[in-house]
Amino acid sequence: VVALVLVFLVGMVAFTVDVGQLVTVRTQLQRSADAAALAGAIKCATVPGETQDVAAVRAEVRRFVALNS
């Protein structure tokens, strides 16, 4: 009986660690996406009369994704 309970407890600890890792990775990915979106939005902000350089915006977004991943 004790061995069965011990196996169950070890399994639950392993599951808890896995879920914690999953939540951590998900949070990091969301932060990376948020930083990239913010960088792209800032890069898109132009002075009235200027045109937006789409390639520069994409490059900035990719740079922030690389920095935060």
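Start at Val5. This residue sits in helix α1, which covers residues 2-44. Keep in mind that the model is predicted. Now go along the chain to Cys44, 39 residues from Val5. Their C-alpha atoms lie 58 Å apart.

Next, how α1 and α2 pack. Two numbers describe a pair of packed helices: the angle between the axes and the distance between them. Here, the axes of α1 and α2 come within 8 Å, and the crossing angle is roughly 155°. An angle over 145 degrees counts as roughly antiparallel, so α1 and α2 are roughly antiparallel to each other. Their crossing is right-handed.

Which residues meet there? From α1, we have Ser32, Ala35, Ala36, Ala39, Gly40, Lys43 and Cys44. From α2, they meet Ala56, Val57, Glu60, Val61, Phe64, Val65 and Asn68. Sorted by class, this contact has nine nonpolar, three polar and two charged residues.

Hold on to Glu60, one of the α2 residues in that contact. How many salt bridges does a search of the whole structure find? One. It pairs Arg63 with Glu60, and the closest N and O atoms are 3.1 Å apart. Both residues belong to helix α2, residues 54-68. They are three residues apart, so about one helical turn separates them. As for solvent, Arg63 is partly exposed, at 42% relative accessible area.

That's my tour. Over to you.

Key. Residues numbered from 1 in each chain as written. Predicted model: local features only at pLDDT ≥ 70, side-chain atom pairs only at ≥ 80, totals over all residues. Heavy atoms only, no water. Helix = DSSP H or I, 4+ residues; strand = E, 2+ residues; numbered from the N terminus. Salt bridge = Lys/Arg side-chain N within 4 Å of Asp/Glu carboxyl O. Buried < 20%, exposed > 50% of the residue type's maximum accessible area, 1.4 Å probe, protein only. Axes fitted to C-alpha atoms, helices over the stretch in contact; angles between N-to-C directions. Parallel < 35°, antiparallel > 145°, perpendicular 65-115°, else oblique. Left-handed = near helix turned anticlockwise from the far one by under 90°. Contact = heavy atoms within 4.5 Å. Nonpolar A, V, L, I, M, F, W, Y, C, P; charged D, E, K, R; others polar.
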